[in-house]
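Me: I have a structure open and would like to talk it through slowly. Could you help me read it?

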Amino acid sequence: MAETRKPLPKATPETQEFWDGTRAGELRIQRCLDPQCRHVYFPPRPFCPKCASPDVEWFRASGRATLYSYVINHRPAPGFEEDAPYAIAVVQLEEGPRMMTNLVDVEQTPEALQLDMPLEVTFEKVNDEISLPKFRPAGGAR
Amino acid sequence: MKPGSVAIVGAAETTELGVIPHLSQIGLHADAALNALKDCGLTPKDIDGVACAGESPTNVAHYLGITPTWVDGTAVGGCSFMLHVRHAAAAINEGLCTTVLITHGQSGRSRVGAGRWGVSPDSLQGQFETPYGPSGPPSMFTIPVLRYMKEYGLTHEQLAMVAVVQREWAAKNPRAMMKDPITVEDVLNSRMIAYPFHLLECCLVTDGGGALVLTSADRAKDFPTKPVYIIGTGESVETPMVSQMEDFTTSKAFRVSGKKAFEEAGITHDDVDHLMIYDAFAHLPIFGLEDLGFVGRGEAAQFIWEGNTRPGGKLPLNTNGGGLSYTHTGMYGMFALQESVRQLRGTAPAQVPDVKISVCHGVGGMFAASGTIIMSNERP
């Protein structure tokens with residue numbers, strides 16, 4: 001089965017909350033609680049990368065995002081042979097941070113994938129441990 | 001560093017370049033090192049400082065029979081060698097060593113003794129980038145470009161032109177891997193690798209290496225070669241994850257490194273006779289020209305399109321043919337430095353007339369790191 005050959009993430013203590021969140025169908029990211037800072041950030045770490053404050057908290061992001069940039073990969077990574085060509089995208093979350101992802105429920109073509117198009121998160125269950133956050137056009141499949 | 005206090009006195013590439021299945025990675029380091037030592041009339045016994053990336057300096061020192069008092073194994077990708085030059089200059093000035101050997105060797109194509117390349121699944125890249133199917137730099141380093149295209153109106157034809165112009169330089173270079181002229185149409189008709197990038201907009205994959213020997217400027221005059229003085233240096237890093245770059249239209253590491261080098265050298269852009277910008281992919285010269293300040297934001301593609309960087313143009317760029325057409329072993333920065341040295345010595349295959357100042361700018365990882373070295377054949 002091709003799916004099992006895909007490289008999967010392995011959580012660390014600092015990122016466990018993120019992967020617990022995706023498994024529960026939530027996109028959890030972090031923000032700084034310093035009133036002067038309030039920086040929202042990703043990827044996870046136990047302190048604010050802007051002001052170094054350890055006073056940070058996890059929260060559930062809205063899941064709304066826009067398409068910041070992408071490529072359409074024609075040379076599939078091992079395990080991705082049946083998906084090619086497929087977009088590898090970077091999306092900008094409504095809350096500010098950007099993350100790499102794949103785009104689903106949309107044709108993987110330059111015509112269908114317009115920068116700044118509105119997107120929403122969806123979760124792809126890979127196994128009992130891991131669900132990957134992916135993004136689709138806002139308002140459901142096109 | 002104090003501008004002009006340290007010089008490159010020895011410089012050479014591996015005897016062969018391109019496909020070298022009979023040498024391992026460490027063998028390529030040694031071949032380049034022995035060629036560079038021969039170039040300046042030294043032997044390994046004269047070397048007391050060793051810097052390299054890919055191999056550890058322990059491996060290289062032991063393999064060559066060197067007992068160093070200073071080593072540097074900075075490995076931040078393809079611009080590591082620019083950082084080695086900068087660190088070596090500081091070490092020589094501080095008296096930590098007198099004569100530094102910097103080596104590069106990579107069996108990028110034949111993969112002999114090359115070690116494995118991988119991302120750990122619990123690293124940040126392994127958790128937040130690799131699961132989405134990138135297959136190496138061609139599908140990662142290229143991700144910012146659609147954003148740049150939207151912000152600045154860069155066209156597919158303009159991106160293709162970068163490869164066309166570099167092939168013009170490569171055509172003059174017998175050691176270049178790809179020498180046949182190409183057109184914008186050829187580039188756009190070449191196989192799609194990762195949209196919007198076609199095969200001819202991606203670097204080569206080759207075997208090879210290079211080495212440099214540095215010493216104090218005061219000693220440099222005693223060597224048989226024409227000294228190439230280090231007059232300005234810079235370095236920085238931004239992020240190991242291309243998805244986390246602050247701005248997809250500009251590299252912070254490029255800007256910081258370039259500014260530092262220009263300030264140190266005390267020169268303006270008009271003083272620059274020759275320029276190397278590490279071109280793993282066709283957008284790198286565009287980002288480099290803008291982030292180093294040679295042109296304004298969004299202006300680099302038109303600057304290249306108008307012929308300013310081609311043979312005979314006012315700012316000769318990547319005159320060996322670059323990573324796109326000359327060679328690219330994986331960490332190309334050493335080859336950019338070698339071409340700057342050749343141009344300043346007056347020995348380049350596509351020699352630019354009257355080069356006095358050369359700027360050599362490198363990238364490491366995927367906009368992860370940067371190093372800039374400014375050199376002159378006149379001591380300031």
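Reply: What follows is a walk through the chains, their contacts and a few single residues.

Reply: This is a predicted model, in which local features need pLDDT of at least 70 and side-chain atom pairs count only at pLDDT 80 or more, while totals for chains, interfaces and linings use all residues. Residues are numbered from 1 along each chain as its sequence is written, and chains are lettered from A, with ligands numbered from 1, in the order in which they are written.

Me: OK, what does the secondary structure of chain A come to?

Reply: Chain A has one helix and eight strands, where helices (H or I, at least four residues) and strands (E, at least two) are DSSP runs numbered from the N terminus. Along the sequence the pattern is α-β-β-β-β-β-β-β-β. The radius of gyration of chain A is 16 Å, close to the 14 Å that the globule rule gives for 142 residues, so chain A is as compact as a globular protein of that length. That radius is taken over C-alpha atoms, and the globule rule is 2.2 Å times the number of residues to the power 0.38.

Me: And what does its C-alpha trace span along the principal axes?

Reply: The C-alpha trace of chain A spans about 45 × 30 × 25 Å along those axes. Of the 142 residues in chain A, 31% count as buried; a residue is buried if 20 or more other C-beta atoms lie within 10 Å of its own, exposed if 12 or fewer, and partly exposed in between, with C-beta atoms placed from the backbone.

Me: In what order do the three strands of the open sheet in chain A come?

Reply: The order is 2-1-3, and the pairing is antiparallel; two strands pair if DSSP finds at least two bridges between them. The edge strands are strand 2 (40–41) and strand 3 (56–60) of chain A, each of which pairs on one side only. Strand 1 (residues 28–32) of chain A is joined to strand 2 of chain A by two bridges, and Arg31(A) has Val40(A) as its bridge partner in strand 2.

Me: Switching topic, how many residues of chain B are in contact with chain A?

Reply: There are 28 residues of chain B in contact with 31 residues of chain A, where contact means that the C-beta atoms of two residues, placed from the backbone, lie within 7 Å. On the chain B side, the elements that give two or more residues are helix 4 (124–128), helix 5 (145–152) and strand 5 (192–195).

Me: Which strand of chain A is joined to strand 5 of chain B?

Reply: Strand 4 (residues 64–73) of chain A is joined to strand 5 of chain B by two bridges, and these strands run antiparallel. Ile72(A) stands opposite Tyr195(B) in strand 5 of chain B. The peptide bond from Tyr195(B) to Pro196(B) is cis, with omega near 10°, and Pro196(B) sits in the loop between strand 5 and strand 6 (197–198) of chain B.

Me: Which peptide bond in chain A is cis?

Reply: The bond from Ala84(A) to Pro85(A) is cis, with omega near -10°, and Pro85(A) lies in the loop between strand 4 and strand 5 (86–93) of chain A.

Me: What about the core, how many residues has the largest nonpolar one?

Reply: The largest nonpolar core has 157 residues, and those with the most contacts inside it include Val91(A), Ala7(B) and Leu214(B). Such a core is a set of buried Ala, Val, Leu, Ile, Met, Phe, Trp, Tyr and Cys residues joined through C-beta atoms within 7 Å. Its largest share, nine residues, comes from helix 6 (residues 156–170) of chain B.

Me: Is helix 6 of chain B mostly covered or mostly exposed?

Reply: Helix 6 of chain B is mostly covered, with 13 of its 15 residues buried.

Me: Last one, is Ile47(B) buried or exposed?

Reply: Ile47(B) counts as buried, because it has 24 C-beta neighbours inside 10 Å. Ile47(B) lies in the loop between helix 1 (25–39) and strand 2 (49–52) of chain B. Ile47(B) and Leu101(B) are 54 residues apart in sequence and 6.6 Å apart in space, C-alpha to C-alpha. Leaving aside neighbours within four places in sequence, the contacts of Ile47(B) include Leu42(B), Ile66(B) and Leu101(B).
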